[in-house]
Amino acid sequence: MTKLEAKNLQVSFGNVAVITGLNLSIPEGSITALMGPSGSGKSTLLRVFNRLIELYPEAHVGGYVYLDGQDIFEIDVIELRRRVQMIFQIPNPIPNLSIFENVALGLKLNRLAKNRKELYQRVKTALEKAQLWDEVKDRLNAPAGKLSGGQQQRLCVARSLAFEPEVLLADEPTANLDPENTAKIEALLLDLKKEMTIVLVTHFPQQAARISDYVAFLYKGQIVERGPTKDIFTKPRHELTEKYVTGRLY
Amino acid sequence: MFFIKAYPIFAREGFAMFLQTEWDPGAQKYGVLQALVGTMLTSVVAIALAMPMAIGVAVTINEVLPSRLRTIFGSLVDLTATMPTVLFGLWGFYVLGPFLQNAVNTLAGGAVMTSPSTLFTASVLLAIMVTPYAAAVIREGYALVPKAVEEAIYGVGATRLEAVLLKLRYVISYVLGGFFLALGRAMGETVAVAMVVGGNYAHLTTNLFQSGITISSLIALQFGNARFYTYAEPALFAAALLLAIFGIAINTAAIYLIQKWQP
Ligand SMILES: Nc1ncnc2c1ncn2[C@@H]1O[C@H](COP(=O)(O)OP(=O)(O)OP(=O)(O)O)[C@@H](O)[C@H]1O
Ligand SMILES: [Mg+2]
């Protein structure tokens with residue numbers, strides 16, 4: 001089943017075209033690694049999927065994206081963002097809010113918990129899933145900005161998981177983490193694909209090989225090649241893909 | 001300097017002048033409590049009106065206007081802050097005062113406001129005058145909200161309004177900064193207030209719709225007169241001293257709170 005599908009997608013910033021007629025389908029319940037050189041439009045693509053791109057007034061989007069076959073631009077944007085969550089390369093908790101508030105905020109704004117007890121329970125579950133609970137359970141009211149980078153990233157994961165989203169967009173989530181935190185996030189993503197569809201942007205072929213089911217290779221705003229991870233690494237059909245996975249294209 | 005100049009009145013009657021409500025140098029009455037209350041009332045009402053306006057202006061400039069117009073409108077608002085206050089005073093006297101009198105009396109269905117120059121007129125005029133100061137500080141802070149934090153806020157399904165409130169909370173130190181700057185301005189503003197406050201030296205009133213007086217306008221209006229009376233000058237210096245102490249207290253509170261809520 002296709003969970004997310006982009007058709008002839010185009011994005012430009014001002015008059016600079018960044019995504020130029022991109023087609024991609026993302027299978028449900030899997031991890032699709034999105035790879036490609038810096039500036040090829042990976043982050044931009046993710047921001048289209050949850051329409052955070054609309055926070056950039058200079059960005060113009062054309063073409064179609066479907067979530068479960070429904071045009072995402074017809075879905076209420078707030079509902080879409082609840083269903084399609086995103087974690088970023090640089091962890092972005094809201095630093096002045098407490099650890100608890102960071103996870104609870106979205107639930108509160110969207111009235112997803114009936115009462116305080118349920119809210120607490122959902123926050124706790126999300127923090128447990130993100131493997132952060134044990135480290136923060138005694139200081140849930142401390143500002144999120146006080147956590148270490150790795151903890152902040154897991155907090156952001158918890159914030160996303162609290163929504164029980166259908167899609168998780170992860171934009172180089174381990175780029176700024178040490179090996180230990182990287183391993184934690186990778187294990188977590190593997191575990192999560194049972195419950196959701198994951199799009200993982202990564203610059204590390206090894207990471208894609210370790211945890212992804214599919215790889216999509218993005219170059220200059222278009223998908224050059226997409227296929228099962230093993231195929232992409234062992235028998236890439238496109239010269240650019242081969243160059244990239246063997247480290248000869250940046 | 002202020003204390004030395006004020007000393008004779010303290011020597012004569014201690015701090016009693018701060019508890020008396022009548023200023024009449026001819027009758028040796030130097031009470032300033034009515035002015036103190038007037039200062040408090042007008043600044044509190046002015047701030048209560050100014051803060052929502054300032055936040056509204058700051059948010060509108062940052063959220064609604066396209067970035068090209070942002071700077072232009074921002075500077076325009078800043079510019080009103082640099083206008084001579086006497087111009088505000090004239091406008092307040094000839095336009096705002098009569099307008100408010102009319103509006104209040106119509107709304108109340110009776111002659112509630114018997115003169116165009118009242119504590120209320122001063123409050124509204126002050127609100128208009130200090131709004132640009134608060135707006136400038138809030139606007140500056142609001143523009144500093146990092147894109148990453150904005151994405152976090154919208155990413156969790158915030159509406160536009162919720163996002164605005166969360167962003168204001170993120171820059172709460174700037175909102176507080178704007179608040180205290182405006183409060184300080186409102187308490188100290190002299191000329192414009194003196195022109196529209198009514199100049200009632202003799203009665204304590206907490207009725208906004210009556211003519212009143214504030215400390216700074218008392219000093220401005222009575223200073224020329226004061227040298228004819230032995231104790232009037234010291235009394236005015238004592239009043240000024242009080243205003244200075246207030247100012248310092250507000251600034252100290254401001255610095256403390258702003259540091260505490262730094263993002
Ligand atoms: N807000 C913006 N305004 C103008 N241009 C932008 C903006 N955001 C991104 N771009 C441009 O769009 C192109 C794609 O950027 P994007 O961040 O999507 O690349 P990326 O594939 O994620 O790169 P990286 O691997 O370095 O993260 C780049 O050339 C970038 O300069
Ligand atoms: Mg990127």
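Two residues count as in contact here if their C-beta atoms, placed from the backbone, lie within 7 Å. On that basis, in this predicted model, 18 residues of chain A are in contact with 16 residues of chain B. Two helices of chain A, helix 2 (77-83) and helix 3 (99-109), each put at least two residues into the side that touches chain B. Sorted by class, that side of chain A comes out as eleven nonpolar, four polar and three charged residues.

Now for chain A on its own. Its secondary structure runs to ten helices and ten strands. The C-alpha atoms take up a box of roughly 55 × 40 × 35 Å along the principal axes. The radius of gyration is 18 Å, which agrees with the value near 18 Å that a compact globule of 250 residues would have. Of the 250 residues in chain A, 45% are buried. As for how the chain meets itself, take the contacts between residues at least 6 apart in sequence: 68% of them join residues at least 24 apart.

That leaves ligand 1. Its surroundings in chain A include a run of residues from Ser38(A) through Gly39(A), Ser40(A), Gly41(A), Lys42(A) and Ser43(A) to Thr44(A). Gly36(A) is also part of the shell, as are Phe13(A), Val18(A), Tyr56(A) and Glu58(A). Helix 1 (residues 42-49) of chain A gives the largest share of this shell, with three residues. In terms of class, the shell around ligand 1 holds seven polar residues, three nonpolar ones and two charged ones.

Note on methods
Residues numbered from 1 in each chain as written. Chains lettered and ligands numbered in written order. Predicted model: local features only at pLDDT ≥ 70, side-chain atom pairs only at ≥ 80, totals over all residues. Helix = DSSP H or I, 4+ residues; strand = E, 2+ residues; numbered from the N terminus. Rg over C-alpha atoms; globule rule 2.2 N^0.38 Å. Buried ≥ 20, exposed ≤ 12 C-beta atoms within 10 Å, placed from the backbone. Near = placed C-beta within 6 Å. Nonpolar A, V, L, I, M, F, W, Y, C, P; charged D, E, K, R; others polar.
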